[in-house]
Amino acid sequence: MPAPLEDLTILDLTHVLAGPYCSMILSGLGAMVIKVERPGKGDDTRAFPPFKDGQSAYFATINHGKKSIALDLKAAADREIFERLLARADVLLENYRPGVMQRLGYGWEDLHARFPRLIYGAVSGFGHTGPDALQPAYDMVVQARGGVMSVTGEKNREPVRVGASIGDIVAGMFLGHGILAALLDVRKTGQGRFIDVAMLDSQLALLEHAIAITSVTGEAPQPSGARHPSITPFETFHAADGLFVIAAGNDTLFARLCNALQLPLAADPRFATNPARCENARLLKRLIEAVTLDHPKDHWIALLAEAGIPAGPIQTVDQVLRDPQILARNMVVDVLGEDGRPESLAAGNPIKMSGLADPQTRRPAPRLDGNREEILAWLEDVETQSASRPPGRR
């Protein structure tokens, strides 16, 4: 079966992470992604360590399988190539500050008038409206301003950044959702859409529980470490050889947990309901750990799994890359080098879909401008085919 987005052509002017993450998702669903990069330098992440054989593994994990052409959008010859590509593209992605594309003559209004079916996806720190639209931003800035850092870390300690770049990654995911919705709409209306995704907005969209607490109590929640602020027991616990996680998310699971640990607490009024357990969370943790400290983590994880209670280890990244469940789902893949041999590792495609190929390798990340001749040859081919079609057909 063909991949769902096999006939989709994306011009990707984005760099670093949010936009490239979006185009990586769409590429994994079959789209052809043409990275339009700055001559000489290209995407900033080409200079990010770690490096393998002089190439950035960071860049490769996000840009594998894409094609690259270097164009100076202020130079007449390159603008001519870019506009030919625009005429054949389904989607344009960009992450410049608002106003940059307009000054180049490629803003939404300009392009929509010329290419009405083109979908225009823009991702930026603060969006294209509002008093701070022109302010610069990186992941940490929006994690901080968007409230995520205020609820991350340990109580009475300094706020910490989430270890993954969720400011960028979540914005890229939302942009991908918007692109897919616009693709359905253009089939019905023949009209492309402008999609404006802000990294700051995307952080707020993650705070479902924190917003609920604040709106009801009038007080902002504080960091609670590994513990969930409204579900108990739902945190880390000490075993004889270190920490592991128990997540008993309802009264039934708590009763099972008590039975498995041989703790007579399920009917105790201090712990019989989730609100009561939350009120007495510290005491409950001590009572559970009085039992779990007697055996190693693996003992308890196996025992609780048999009882149907969610529990698990706290793994480092190298352990995750060896996890049998992760490997069984093909979630660790090899990115090939230009010689066809594995060069680095990347996360696999988490979207498992019938008929969608899920190979154990990914095509190489492109060299800067490395696909120029291929792209120009493809462009000539589609232009020739289009010229031979009856009027009105693309």
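**Entry 1: the term I need, and K35**

I count a residue as buried when its relative accessible area is under 20%. I keep in mind throughout that this is a predicted model.

I looked up K35 with that cut-off in hand. K35 lies in strand 2. Its relative accessibility is 0%, so K35 counts as buried. Next I asked what the side chain of K35 makes a polar contact with. The partner is the side chain of D43, at 3.1 Å. I then listed the contacts of K35, leaving aside neighbours within four places in sequence. Among them are D12, T14, P20, F59 and N63.

I stayed in strand 2, which covers residues 32-37, and moved to E37. Is E37 buried or exposed? Its relative accessible area is 5%, so E37 is buried.

I checked the polar partners of its side chain. The side chains of E37 and S68 are joined by a polar contact of 2.7 Å. A polar atom of the E37 side chain also lies 2.7 Å from the backbone nitrogen of D43.

I wrote down the contacts of E37 beyond four places in sequence, including G42, R46, F59, A70 and L71. L368 is another of them.

**Entry 2: helix 1 and its surroundings**

I turned to helix 1, residues 18-28. How many of its eleven residues are buried? Nine are, so the rest of the structure largely encloses this helix. I noted them as A18, G19, P20, Y21, C22, S23, M24, L26 and S27.

After helix 1 comes G30, with a positive phi near 110 degrees.

I followed up helix 7, residues 166-189. The two helices pack at an angle of about 50 degrees, and their axes are 7 Å apart. Helix 1 and helix 7 are therefore oblique to each other. The crossing is right-handed. On the helix 1 side I found A18, Y21, C22, I25 and L26. They meet residues of helix 7 including D168, I169, A171, G172 and M173.

**Entry 3: helix 3 against helix 16**

Helix 3 (residues 76-88) and helix 16 (residues 372-387) cross at roughly 55 degrees, and their axes come within 10 Å. These helices are therefore oblique to each other. Helix 3 passes helix 16 in a left-handed crossing. D78, I81, R84, L85 and R88 of helix 3 make the contact. Their counterparts in helix 16 include R372, I375, L376, W378 and L379.

**Entry 4: salt bridges**

R372 sent me to the salt bridges. I asked which residue R372 forms a salt bridge with. The partner is D369, with the closest N and O atoms 3.1 Å apart. R372 has 19% relative accessibility, so it counts as buried. D369 is partly exposed at 25%. I also noted a network: salt bridges that share partners join E235, R282, K285 and E289.

How many salt bridges does the structure hold? It holds 22. I looked at two others. D132 pairs with R145, the closest N and O atoms being 2.7 Å apart. This pair links distant parts of the chain, 13 residues apart. D132 sits in the loop between strand 7 (119-124) and helix 6 (139-145), and R145 in helix 6. D132 is partly exposed, with a relative accessible area of 24%. The side chains of D339 and R341 meet in a salt bridge at 3.0 Å, N to O. R341 is exposed at 58%.

**Entry 5: the whole chain**

I ended with the totals. The chain has 16 helices and 14 strands. Its C-alpha trace spans about 80 × 50 × 40 Å along the principal axes. Of its 394 residues, 45% are buried. Among contacts with a separation of 6 or more, 66% are between residues 24 or more positions apart.

How values were computed: Residues numbered from 1 in each chain as written. Predicted model: local features only at pLDDT ≥ 70, side-chain atom pairs only at ≥ 80, totals over all residues. Heavy atoms only, no water. Helix = DSSP H or I, 4+ residues; strand = E, 2+ residues; numbered from the N terminus. Buried < 20%, exposed > 50% of the residue type's maximum accessible area, 1.4 Å probe, protein only. Polar contact = N/O pair within 3.5 Å; in protein donor to acceptor, adjacent residues only side chain to side chain. Contact = heavy atoms within 4.5 Å. Salt bridge = Lys/Arg side-chain N within 4 Å of Asp/Glu carboxyl O. Axes fitted to C-alpha atoms, helices over the stretch in contact; angles between N-to-C directions. Parallel < 35°, antiparallel > 145°, perpendicular 65-115°, else oblique. Left-handed = near helix turned anticlockwise from the far one by under 90°.
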